[in-house]
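Work through the exercises below with the structure in view. Try each task before you read its solution.

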Amino acid sequence: MTDLEVLERFLEIVGVGKIYGPYTKPARDGYKRKPRWIWICDGPFVPVLFRTLAPWLSTRRRDRGREIGLDFL
């Protein structure tokens, strides 16, 4: 995510996880890149968040959640 404010708001809403960054990657093509941040959540909160967010996730993301043992039903 290149918009830190959005991630900070998301973290405020869900109340778990941590934001890491900013990360920058050298541009081989000469174009400057925006800094990036990532939000990571692990532990017992993951299944709860997955069930909460599942209605807004794409089919591909829901399928991936099922592959790693998460279920939203």
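**Exercise 1: a strand and its bonds**

Pro22 is found in strand β1 (strands are DSSP runs of E, at least two residues, numbered from the N terminus, and helices are runs of H or I, at least four residues). The model is predicted: local features need pLDDT of at least 70, side-chain atom pairs count only at pLDDT 80 or more, and totals for chains, interfaces and linings use all residues. Residues are numbered from 1 along each chain as its sequence is written, and side-chain values use heavy atoms, without hydrogens and water.

Task: state which kind of peptide bond joins Gly21 and Pro22.

Solution. Now check omega: it is about 5 degrees between Gly21 and Pro22. The bond is cis.

**Exercise 2: the largest pocket**

Task: find which helix gives the most to the lining of the largest pocket.

Solution. Count the lining: 14 residues (a lining residue has an atom within 4 Å of a pocket point). List the elements that each supply at least two: β2 (36-40), α2 (45-53) and α3 (59-67). The top contributor is α2, with four residues. Nearest the pocket's centre lie Trp39, Leu49, Phe50, Leu53 and Leu57.

Key
On a 1 Å grid over the protein atoms alone, a cavity is a set of points where a 1.4 Å probe fits but cannot get out, and a pocket is an open set with protein on both sides within 12 Å along at least five of seven lines; lining residues have an atom within 4 Å of a point.
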